[in-house]
Amino acid sequence: MSGFETTPGRRVRILYASETGNAEDLAYSLFGILREQVKANISSISSYDVTQLPEEEVIIFVLSTTGDGECPSSMVGFWKFLLQKNLPKTSLASVAV
């Protein structure tokens with residue numbers, strides 16, 4: 001992650017999407033490590049309010065594809081939101097990913 005520092009007080013959001021649970025397990029392992037150093041939050045992409053993205057300071061996406069390389073079903077709505085033609089190109093400019 002370019003420019004990422006584990007400064008105390010820094011807010012980090014971990015979002016995961018998984019069909020089999022592998023990405024979820026990894027996301028929770030990462031959460032366990034990060035919450036010792038920063039203000040970390042974790043949630044499934046399917047339960048996350050995508051309109052809150054511009055308010056996040058740092059986002060870590062943990063995703064795994066299904067057996068055929070397809071994205072997890074919980075990711076579809078989130079991905080469609082990001083692909084909107086009317087979404088301003090600068091809407092996530094302040095978010096470190």
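## Report on a predicted protein model

The mean pLDDT of the protein is 84, and 90% of its residues reach 70 or more; pLDDT is the predictor's confidence in each residue, from 0 to 100. This is a predicted model, in which local features need pLDDT of at least 70 and side-chain atom pairs count only at pLDDT 80 or more, while totals for chains, interfaces and linings use all residues. Residues are numbered from 1 along each chain as its sequence is written, and side-chain values use heavy atoms, with hydrogens and water left out.

The protein contains two helices and three strands, arranged along the sequence as β-α-β-β-α. Helices (H or I, at least four residues) and strands (E, at least two) are DSSP runs, numbered from the N terminus. The table gives the elements where confidence is highest and lowest.

| Element | Residues | Mean pLDDT |
|---|---|---|
| Helix α1 (highest) | 22-34 | 95 |
| Helix α2 (lowest) | 76-82 | 84 |

Of the 97 residues in the protein, 34% are buried, that is, under 20% relative accessible area with a 1.4 Å probe, protein chains only. The accessible surface comes to about 6200 Å², and carbon and sulfur atoms hold 51% of that surface; such areas come from the Shrake-Rupley method with a 1.4 Å probe. Among contacts (heavy atoms within 4.5 Å) with a separation of 6 or more, 76% join residues 24 or more positions apart.

S43 lies in strand β2 (residues 39-44) and counts as buried because its relative accessibility is 12%. Apart from neighbours within four places in sequence, S43 is in contact with R13, I14, L15, Y16 and Y48.

How values were computed:
Buried means under 20% relative accessible area, exposed over 50%, partly exposed in between (1.4 Å probe, protein chains only).
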